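Here is a short briefing on one protein model. Look over the sequence and the coordinates, then read on.

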Amino acid sequence: MGRYAFLTFDDGYEDNYTNALPLLRQYGFTAWIFVLPPLVERQAALSWPEVADDAAAYPEVMRSLSWKMIEEMAEAGFEIGSHGLRHPHLPQLGDDELTEELWQSRTEIKDRLGRCDSFAYPFGEWDDRVEAAAARAGYSFAFTSPSAGQRRVGPLTVPRLPIDARDRSWRFRAKLTTPGRTMFLSSVRPITRKLRSIARARGGDR
């Protein structure tokens, strides 16, 4: 069996349909798309406190997919998962709010598409309580985005590596190798990054 890489897109940006879908179809790929059902219902602006400035500055970009777009993507083989209702920091929620975010968002997607088996933790944040709540809500898989390393991995704590504009070809290739993934997910990495920042700052003071 060969190696696999899963492509995931958080938040449900409209350009997942207008830009990413044609490219992925061209190369024969599918992906996981994680959406927020209340925003999809209105094809509303993607706006929560952490992205409010971007929503105001780039309204044409910060726009949700519609259900019609999502249905077409699902028919094309894309996996549609939940990203919650309001994009909160889940570990900070009380038990009732946490259950609502996980359960209600899954229910709304299931009612529309027939299934919803996966979840992406907003901001990639989770703890044991959040993981247990995701299991009770009926998710088979849930994805993290560890910024400080992650040792424990399971079906409801699948770590992801971010790909962004900083990833030139060599850096992207490195992330696809076993040593590269190990380095990027290592708990030592944040310490190394901090030491580099201190070294650069000291160098600038000279």
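Is Val40 buried or exposed? Val40 is buried, at a relative accessible area of 2%; buried means under 20%, exposed over 50% and partly exposed in between, with a 1.4 Å probe and protein chains only.

The model is predicted: local features need pLDDT of at least 70, side-chain atom pairs count only at pLDDT 80 or more, and totals for chains, interfaces and linings use all residues. Residues are numbered from 1 along each chain as its sequence is written, and side-chain values use heavy atoms, with hydrogens and water left out.

**Whole chain**
- The protein chain has 9 helices and 6 strands. These are DSSP runs numbered from the N terminus: helices are H or I with at least four residues, strands are E with at least two.
- Of its 206 residues, 37% are buried.
- Accessible surface is about 12,300 Å², and carbon and sulfur atoms hold 54% of that. The areas come from the Shrake-Rupley method with a 1.4 Å probe; for residues, only the protein chains shown count as cover.
- Take the contacts (heavy atoms within 4.5 Å) between residues at least 6 apart in sequence: 61% join residues at least 24 apart.

**Around Val40**
- Val40 sits in helix α2 (residues 37-42).
- Leaving out residues up to four places away in sequence, Val40 touches Val35, Ser64, Leu65, Ser66, Trp67 and Ile70.
- Val40 and Ser66 are 26 residues apart in sequence, yet their C-alpha atoms are 5.0 Å apart.

**α1 against α4**
- Helix α1 (residues 15-27) packs on helix α4 (residues 67-75) at about 10°, with axes 11 Å apart. Axes are lines fitted to C-alpha atoms, for helices over the stretch in contact; angles run from 0 to 180 degrees between N-to-C directions.
- The pair is therefore roughly parallel (under 35 degrees; over 145 is roughly antiparallel, 65 to 115 roughly perpendicular, the rest oblique).
- Asn16, Tyr17, Leu21 and Arg25 of α1 meet Met69, Glu72 and Met73 of α4.
- By class, that is 4 nonpolar, 1 polar and 2 charged residues. Ala, Val, Leu, Ile, Met, Phe, Trp, Tyr, Cys and Pro count as nonpolar, Asp, Glu, Lys and Arg as charged, and the others, Gly among them, as polar.

**α5 against α6**
- The axes of helix α5 (residues 95-113) and helix α6 (residues 128-137) come within 9 Å and cross at roughly 40°. α5 is therefore oblique to α6.
- From α5, Asp95, Leu98, Leu102, Trp103 and Arg106 take part; from α6, Arg129, Val130, Ala133, Ala134, Arg136 and Ala137.
- This contact has 7 nonpolar, no polar and 4 charged residues.
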